Amino acid sequence: MDIILSSISQGLLWSIMAIGVYLTFRILDIADLTAEGAYPLGAAVCAIGIVNGLNPLVSTFLALFAGMIAGLVSGLLHTKMKIPALLTGIVTLTGLYSINLKILGKANVALLKQVTLVTQLQDLGLSKINAVLLIGVVFVVVVILLLTLLFNTQIGLAIRSTGDNIPMSEANGINVDKMKIYGYMLSNGLIALCGALLTQNNGYADLNSGTGTIVIGLASVIIAEVVLRNLRLGWRLASVALGSVIYRLIILAILEIPGMDADLVKLFSAILLAVVLYVPELQKKLNIRRPKLNGTA
């Protein structure tokens, strides 16, 4: 049971990153690889802040801000320099590798004996699993509520409109470039926030921790869409959090197979993503092949 609760708590923390990926992938219709640089950026900023004596909550929000700056850079590269979205992400994450190394000063930084959000809750009498679970629930609920409110404002509706139909949005006077930049900033800010929270959970920040981040985010989003369909925005964001938890439980089930090599977890993550991406296409094929009833005997 502790292993299952640990996976659920980890899934909740990862779901913040998955929601960030959802913002660009589904709302803006952009495949943004900046995630793989923004995640370790958030981890690095948070870890260095904590090591240097900053309050862990302040360090966490500094990581959020750092991620938004990374998103701003990607947004400017894409909208002002007209670099394709996929290449934009590659350019930014490549540059972030050096920046993250400069921030950390070495390949990884440990948070042993440092005060973090997790240790603060443990000092109040909670176990580590319950502390992480509480942090995950609080941050996920706050993120979903704030995003739901934001996307029902004029700016939020403009961002959604930009993702749906750029020519129509421009015809209605929306500055689509600015809306894309806002989307990039929101997305990568949340991804960096996820990196900060998971760093405090894991007890260290690693330079290469962002590898495979986009796979986890996309898998969580697609699982959510397969499990629950046709939802309003707020519930869709909540379903992405659920998809992230399901993803972690699936990975746990795979690792519990006797003789399974833990080094293959990223391979199975990629296979799982390929499978869930194929499910909608498979459903279409099954619907096409299903005989139509015309009311005759």
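Reader: Which helix gives the most to the lining of the largest cavity?

Author: That's α9, with three residues. Helices here are DSSP runs of H or I, at least four residues, numbered from the N terminus. Bear in mind that this is a predicted model, where local features need pLDDT of at least 70, side-chain atom pairs count only at pLDDT 80 or more, and totals for chains, interfaces and linings use all residues. Residues are numbered from 1 along each chain as its sequence is written, and side-chain values use heavy atoms, with hydrogens and water left out.

Reader: What makes a residue part of that lining?

Author: A cavity is a set of points on a 1 Å grid over the protein atoms alone where a 1.4 Å probe fits but cannot get out, and a lining residue has an atom within 4 Å of a point. Leu13, Val132 and Gln200 are among those that qualify. Besides α9 (176-202), α5 (117-123) and α6 (128-150) give two or more residues each.

Reader: Why is Asp177 called buried?

Author: Buried means under 20% relative accessible area, with a 1.4 Å probe and protein chains only. Asp177 comes in at 18%, so Asp177 counts as buried. Asp177 sits in helix α9 and touches Thr79, Lys80 and Lys82 (heavy atoms within 4.5 Å), leaving aside residues up to four places away in sequence.

Reader: What makes the reach of α2 close to the expected one?

Author: The expected span is 1.5 Å times one less than the number of residues. For the 17 residues of α2 (35-51) that gives 24 Å, and the helix reaches 24 Å from its first C-alpha to its last. Also, α2 is mostly covered, with 14 of its 17 residues buried.

Definitions and conventions
Buried < 20%, exposed > 50% of the residue type's maximum accessible area, 1.4 Å probe, protein only. 1 Å grid on protein atoms, 1.4 Å probe; cavity = no way out; pocket = protein on both sides within 12 Å on 5 of 7 lines; lining within 4 Å.
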